[in-house]
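Below are my notes on the model, as numbered points. Please read them alongside the coordinates.

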Amino acid sequence: MSAGRFRSGGKDKCRLHMVTWNVATAEPPEDVTALLQLDVQPPTDLYAIGLQEVNATPVRFISDLIVEDSWSHVFMNTLAPRGFVKVTSVRMQGLLLLVFAKQAHLPYIRNIRTTYTRTGIFGYWGNKGGVSARFSFYGHMVCFLNCHLAAHMNYTLQRVDEFEHILETQDFDIEDTPQIRDHKVAFCLGDLNFRISDHGLHFLRSSINSGRLNLLWDKDQLNMMKKKEPFLQEFEEGPLNFKPTYKFDRNSDTYDTSGKKRKPAWTDRILWRVKPKSLPSEDDDDEKASTSTDDGQDECPILVTQDKYTSDMSYGVSDHKPVIATFSVELKKGYDTTLVHVSPVGVWSADQDALLTYTVQEDFMSSTWDWIGLYKVGFKSASDYETFVWVREGELPEINEVIQISVDKDEIPLLGGQYVLGYYSTNMQSIIGLSTSFQILESKRAVMEGLVPEDVNGLNK
């Protein structure tokens with residue numbers, strides 16, 4: 001979101017790429033680049049990925065709590081080399097939500113919170129429900145909710161009740177936006193499990209095969225319920241101009257040929273809700289664009305426009321196909337100054353202790369539990385540091401006070417490379433200050449310990 005690319009009448013434009021996929025306990029494919037559309041122009045700023053039915057057997061789930069699950073790994077390993085960092089993630093059994101951002105945005109993503117709601121099997125095991133993440137993005141409160149609602153054709157009302165229950169009961173324990181609908185923009189993605197009512201299997205398949213998807217829209221249960229439920233009318237959705245994404249024979253693009261012969265359905269959806277203005281506009285006739293001025297904050301409006309809403313039929317590991325939506329989010333930044341400036345001092349190598357400085361540039365709820373991490377360029381998440389140091393103990397810093405901290409040489413990488421320093425706020429649960437990248441020199445100890453060959457008269461020995 002560079003100034004040169006985004007400046008337009010004092011506003012900035014951010015590109016958001018979202019994926020929802022019920023992976024049906026499958027392991028991830030080796031290549032997810034098509035799913036993430038990595039080479040699209042203009043480039044993506046944020047990714048939000050919601051998965052359902054990630055392998056959640058008790059033994060597997062416990063092991064995933066200790067180390068990242070295989071799906072998180074494949075997305076992090078794909079996105080990190082492109083400069084994306086995992087902002088946050090939240091998991092409840094088979095439900096997994098991942099949010100990534102370009103590294104340059106990290107200091108402007110603040111007050112991260114996650115929560116979850118169980119709705120399946122009396123709420124005990126968490127096989128159905130919702131997981132969500134919220135944060136402030138350049139001063140705009142944004143929320144992502146990943147849902148897996150009740151299955152089967154006849155449970156339409158239960159799905160609606162579960163969705164409303166999640167919206168009404170999730171609490172982020174944050175004063176200005178305690179619930180999902182308090183946020184300026186809320187995105188809902190997931191296996192919402194709504195089916196296509198009334199039509200027989202033959203009519204469904206012939207309509208799909210002939211490309212006449214519009215014949216099925218009126219009987220889509222979510223579309224039907226939006227006419228009856230006011231809270232659903234607050235959410236927008238792009239046109240369903242892609243084939244129903246459930247149910248397929250695995251590793252094929254053929255609908256269910258098993259004995260059950262499930263009817264195709266648009267179970268997998270991506271919706272969004274912009275917080276209503278205090279007085280609705282009568283002349284807003286753009287169905288795909290919506291604006292919020294968030295009562296009392298007219299100086300920071302936000303415009304959300306959906307650019308794409310489709311599925312990717314090429315992935316076959318699951319009986320669902322993934323659904324992709326991309327958005328342009330036009331906003332005026334509520335702030336563009338980092339809370340903390342952090343910088344290396346002098347030459348860094350493992351041959352001597354190193355120095356860094358940090359300066360608090362604006363008042364925030366700092367803590368002596370805050371820390372500064374040393375990250376190799378291309379790092380995957382805030383916890384993917386090489387080493388870290390605690391901020392100054394005792395007294396909290398004054399505004400613009402320059403504080404110097406030493407880093408033990410034994411903690412500095414021997415082989416050197418390109419690195420950045422990041423100030424992590426415990427209260428905000430995010431990196432709120434990043435240094436520019438800098439070179440750590442290869443240590444003489446690296447040669448002594450045999451990590452690199454010794455150079456003698458220009459020849460590697």
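1. Strand 15 (residues 354-360) pairs with strand 18 in the antiparallel sense over 6 bridges. Pairing here requires at least two DSSP bridges between the strands. Helices (H or I, at least four residues) and strands (E, at least two) are DSSP runs, numbered from the N terminus. Within this pair, Leu355 has Ser406 of strand 18 as its bridge partner.

2. The model is predicted: local features need pLDDT of at least 70, side-chain atom pairs count only at pLDDT 80 or more, and totals for chains, interfaces and linings use all residues. Residues are numbered from 1 along each chain as its sequence is written, and side-chain values use heavy atoms, with hydrogens and water left out.

3. Which residues form the covered face of strand 18 (residues 402-407)? They are Ile403, Ile405 and Val407. The uncovered face consists of Val402, Gln404 and Ser406, and Ser406 is the bridge partner of Leu355 noted above.

4. The chain contains 10 helices and 23 strands. Of its 461 residues, 54% count as buried; buried means under 20% relative accessible area, exposed over 50%, and partly exposed in between (1.4 Å probe, protein chains only). The accessible surface of the chain is about 20800 Å², with 49% belonging to carbon and sulfur atoms. Areas come from the Shrake-Rupley method with a 1.4 Å probe, and for residues only the protein chains shown count as cover. Among contacts (heavy atoms within 4.5 Å) between residues at least 6 apart in sequence, 68% join residues at least 24 apart.

5. The largest nonpolar core has 57 residues, and Met18, Phe137, Phe144, Phe187 and Phe327 touch the most other members. Strand 12 (residues 323-331) gives the most to this core, with 5 residues. A nonpolar core is a set of buried Ala, Val, Leu, Ile, Met, Phe, Trp, Tyr and Cys residues joined through side-chain atoms within 4.5 Å. Leaving aside neighbours within four places in sequence, the contacts of Met18 include Phe144, Phe187, Val323, Ile324, Ala325 and Phe327. A second, separate core of 27 residues includes Trp348, Phe364, Ile405 and Ile432; Ile405 is also on the covered face of strand 18.

6. Helix 5 has 14 residues, which at 1.5 Å a residue should span 20 Å; its end C-alpha atoms are 20 Å apart, in agreement. The expected span is 1.5 Å times one less than the number of residues. Its buried residues are Thr156, Arg159, Val160, Glu162, Phe163, Ile166 and Leu167. The buried residues of helix 5 pack against elements including strand 5 (109-118), strand 6 (129-137) and strand 8 (185-191).

7. A cis peptide bond joins Gln41 and Pro42, with omega about -5 degrees, and Pro42 is in the loop between helix 2 (33-36) and strand 2 (46-52). Another cis peptide bond joins Tyr246 and Lys247, with omega about 0 degrees; Lys247 is in the loop between helix 9 (230-233) and strand 9 (268-274).

8. His152 is not a glycine, yet its phi is positive, at about 80 degrees. This residue is in the loop between strand 7 (140-148) and helix 5 (156-169), and His152 is partly exposed, with a relative accessible area of 40%.
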